[in-house]
Amino acid sequence: MRRGLAGLLAAEAISLLGSRITFVALPWLVLTSTDSALLAGLAGFAEMLPYVLAGLLGGPIVDRVGPRPTAVAADTASLLAVSGIPILTSTESVPYHTLLGLIALAGALRGFGDTAKRALLPRVIAGAGLTTERGTTLYDGISRAATLLGLPLAGLLVAAIGPARVLLVDAATFGLCALLITVYVKAGSTGHHAAEDEEGGYAAALRCGFRYVREDRLIIGIMSMLFATNLFDQAFATVFVPVWVREGPHGPAALGVLGSAFGIGAVAGNLLWTVIAPRLPRRTTFAVCFLAGGPAQLFALALTDRLWLVLAVAALAGALMSTINPILLAAVYERVPTRVQGRVMSVLIAFSWAGIPLGGVLGGWAADELGLRTGALLAAIGYLAVTLSPFLFSVWRSLDEHRVVSTKTLVTAK
């Protein structure tokens, strides 16, 4: 059964690597073909909004159809949609709104596929005989490594073969992902039990996901915290770092170096966490690492111009933050019955990511009106206040509960 986990992780690695490359190539393709920064920004918005909405609305479909067939179908359709983007941009007669529509379709398909894979993950982890912590840590490590490799690789590929061909490479990765899941992830390992789904239709199933989230105080706490921290992280990455580089003596190369420093720290921390995760308490580890690692880079930008110090803080923050996603994923997977994981995870992720669009806007306002140092310092203080909540509220003690989840009931392991 570990063959299924290896296949899913390999598919996820390839998919994430392609997505990170597209993150760079798509806006560059639109920018060079339209000569408009605004249109390039609209292309990114057109991809991400359907991605979030599809993830939110696709949960009941994933639970009803099953995560494995949904993932295969979404990746196969993504192969066609992403391939069409460079083809359309090469045709000058195609209106820009048509291109935006295809980009939106590609984003929605990726949202469906990612939701399905997140619902598939706990089932193949269980089939492989691994603990939830170790399985989710491996999954998060794949994401960290893809980010570390994908962003610089995208720059090299765009320079070498052009953004259009890079998007064709990303399209091919979707086809390979669909093939890997089809071959290596067995249908029986998905744990889908359609007969046990008592919801009468799509709307009822979607309401079930919202109702489950509303009744679980820990999941509400997770969503609230991630909404705020994602907002601050987006302000940091898209506004504060570029402004800090522009106003300092380090030059544009510092943009890539900062991201690499965080990525190296995150990959190293993930490897260490894979080994020691079962031996440490979740809540204490989560609380300390989030409190120390989350606002650290914002404080660094606000308080110093020394590149070596900011790089050191970035690497340390990456190592500490590498524990956050595995702990949260493990806790949620153990709390949510298998038959509703698709819709519950889709609601959780959609609301957690809702802070991302606001982060860039608020960060830009703060940098313009208050100045970089004041804006970054206020964001750091806000981040610090949010990450104090696991120390202050008793609901976070539930992180230490290890639960055995069936399709119908939850049993707390003593």
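Q: Before we start, what does buried mean here?
A: Buried means under 20% relative accessible area. W396 is at 3% relative accessibility, so W396 counts as buried. Keep in mind that this is a predicted model.

Q: Fine. How many helices and strands does the chain have?
A: The chain has 18 helices and 2 strands.

Q: And how many residues in the chain, with what percentage buried?
A: There are 414 residues in the chain, and 52% of them are buried.

Q: What about the accessible surface?
A: About 18000 Å² for the chain. Carbon and sulfur atoms account for 69% of that.

Q: What share of the contacts join residues at least 24 apart?
A: 87%, counting contacts between residues at least 6 apart in sequence.

Q: Back to W396. Where is it?
A: W396 sits in the loop between α18 (389-392) and β1 (402-405).

Q: Which ring does W396 pair with, and what are the numbers?
A: F286. The ring centres of F286 and W396 are 5.5 Å apart and the planes are at 20 degrees, so this pair is stacked. The pair links distant parts of the chain, 110 residues apart, with F286 in helix α11 (residues 282-293).

Q: Is F286 buried or exposed?
A: Buried. F286 has 0% relative accessibility, so it falls under the 20% cut-off.

Q: How many aromatic pairs does the count come to?
A: The count comes to 6 aromatic pairs. Y51 and W353 form one of them: stacked, 5.5 Å centre to centre, with 20 degrees between the planes.

Q: Where are Y51 and W353 in the chain?
A: Y51 is in helix α2 (residues 37-57) and W353 is in helix α15.

Q: What else does Y51 touch?
A: A108, for one. Leaving out residues up to four places away in sequence, A108 touches P50, Y51 and A54.

Q: Where is A108 found?
A: In helix α5 (residues 96-128). A108 counts as buried because its relative accessibility is 18%. Its C-alpha is separated by 9.6 Å from that of A46, and A108 and A46 are 62 residues apart along the chain.

Q: New topic: the largest nonpolar core. Which members touch the most others?
A: F240 and F286, in a core of 80 residues. The largest share of this core, 17 residues, comes from α9.

Q: What is F240 in contact with, apart from sequence neighbours?
A: Leaving aside neighbours within four places, the contacts of F240 include L298, L301, G363, A367 and L372. A235, G375, A376 and A379 are also in contact with F240.

Q: What other core is there?
A: One of 23 residues lies apart from it, with I21, A81, Y96 and L167 among its members.

Q: G363 and A367 came up. What are the buried residues of α16?
A: G355, G359, G363, G364, A366 and A367.

Q: What do they pack against?
A: The buried residues of α16 pack against α9 (217-247), α15 (341-353) and α17 (372-386).

Q: Why would residues three or four places apart point the same way?
A: An α-helix has 3.6 residues a turn, so positions with that spacing point the same way.

Q: How far does α16 reach?
A: Helix α16 covers residues 355-369, 15 residues in total, and reaches 21 Å from first C-alpha to last. That is close to the 21 Å expected at 1.5 Å a residue.

Q: And what comes just after α16?
A: G371, which takes a positive phi of about 95 degrees.

Q: Switching to cysteines. How many disulfides?
A: The structure holds 0 disulfides. C208 counts as buried because it has 7% relative accessibility. C289 is at 10%, so C289 counts as buried too.

Q: Last one: S78. Buried or exposed?
A: Buried, because S78 is at 0% relative accessibility. S78 is found in helix α4 (residues 67-89). Neighbours within four places aside, S78 is in contact with S83, L109, R110 and F174.

Methods: Residues numbered from 1 in each chain as written. Predicted model: local features only at pLDDT ≥ 70, side-chain atom pairs only at ≥ 80, totals over all residues. Heavy atoms only, no water. Helix = DSSP H or I, 4+ residues; strand = E, 2+ residues; numbered from the N terminus. Expected span 1.5 Å × (residues − 1). Buried < 20%, exposed > 50% of the residue type's maximum accessible area, 1.4 Å probe, protein only. Contact = heavy atoms within 4.5 Å. Disulfide = S-S within 2.5 Å. Core = buried A, V, L, I, M, F, W, Y, C linked by side-chain atoms within 4.5 Å. Areas by Shrake-Rupley, 256 points an atom, 1.4 Å probe, with all protein chains shown as cover. Phe/Tyr/Trp six-rings, centres within 6.5 Å; stacked < 30°, edge-to-face > 60°.
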